[in-house]
Amino acid sequence: MSKGVARSRCIACGGSRITSGRSRKTVHYLDGRGQRKPLRVSVDHDRCEGCGAAWHRPDHLRPVHDAIVSAMGCTPPSELLRRRRSQCMTQVEFARRAGVSLRRVGQLERGTAFPTPREDGLLRMALGMGRRRASSARG
């Protein structure tokens, strides 16, 4: 899978007139009590001018995942990755300090999983970030 590389052809019809755009969408997530909550986010997309098909590349959805994780009251993947790298810490060392598995650190940094509040606290402590203040989005 290529990150951030625009397709030169439509995934539906094979056409070559592809445009990029951004739209506001409402996504839903489950808060800490299992309640479904709406969240408005901006989402990038590509669209074929020939057949009208639209799609999201993986890099288009990363900001959406970050917004959901933040709304849950946890640290977004991009922030975890930035902080870990700024401290010249490997994923192995980060996992060991936080008391979570290496696989889990990778999932959380790539944004392929959502952290639990407990995991978020362990990760923040391992990075020396302190505890996160209670978020109104959680309650």
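Begin by selecting Phe 94: leaving out residues up to four places away in sequence, Phe 94 touches Leu 80, Arg 84, Met 89, Val 105, Glu 109, Leu 123, Ala 126 and Leu 127. Touching, or contact, here means heavy atoms within 4.5 Å.

Before moving on, a word on what is on your screen. This is a predicted model, in which local features need pLDDT of at least 70 and side-chain atom pairs count only at pLDDT 80 or more, while totals for chains, interfaces and linings use all residues. Residues are numbered from 1 along each chain as its sequence is written, and side-chain values use heavy atoms, with hydrogens and water left out.

**The whole chain**

Now colour by secondary structure. You will find 5 helices and 3 strands, and from the N terminus they run β-β-β-α-α-α-α-α. Helices (H or I, at least four residues) and strands (E, at least two) are DSSP runs, numbered from the N terminus. Of the 139 residues in the chain, 37% are buried. Buried stands for under 20% relative accessible area, exposed for over 50%, and partly exposed for what lies in between (1.4 Å probe, protein chains only). Among contacts in the chain with a separation of 6 or more, 50% are between residues 24 or more positions apart.

Select residues 91-98, which are helix 3. Which residues of helix 3 are buried? They are Phe 94, Ala 95 and Ala 98. Look down the helix axis: these buried residues fall within an arc of 100°, so they line one face of helix 3. The arc is that of the directions from the helix axis to the C-beta atoms.

Just after helix 3, stop at Gly 99, which takes a positive phi of about 75°.

Still in this region, display the largest nonpolar core, a set of 13 residues in which Leu 80, Phe 94, Leu 123 and Leu 127 touch the most other members. Helix 3, helix 4 and helix 5 each supply at least two residues of this core, and the largest share, 3 residues, comes from helix 3. A nonpolar core is a set of buried Ala, Val, Leu, Ile, Met, Phe, Trp, Tyr and Cys residues joined through side-chain atoms within 4.5 Å. There is also a second, separate core of 9 residues, including Leu 39, Val 43, Ala 71 and Met 72.

**A stop on helix 4**

Select Gln 107 in helix 4 (residues 102-110). Is Gln 107 buried or exposed? Gln 107 has a relative accessible area of 19%, so it counts as buried. Setting aside neighbours within four places in sequence, Gln 107 is in contact with Thr 112 and Ala 113.

The 3 strands form an open sheet in the order 1-2-3, with antiparallel pairing. Its edge strands are strand 1 (18-30) and strand 3 (54-55), each pairing on one side only. Two strands pair if DSSP finds at least two bridges between them.

Zoom in on strand 1 and strand 2 (residues 36-48), which are joined by 13 bridges.

- Ile 18, whose bridge partner in strand 2 is Cys 48.
- Thr 19, whose bridge partner in strand 2 is Arg 47.
- Tyr 29, which stands opposite Lys 37 in strand 2.

In the hairpin of these two strands, with 5 residues between them, Gly 34 takes a positive phi near 80°.

How many bridges join strand 2 to strand 3? The answer is 2. Select Asp 46 and you will see Trp 55 of strand 3 opposite. The hairpin of strand 2 and strand 3 also has 5 residues between the strands, and there Gly 52 takes a positive phi near 85°.
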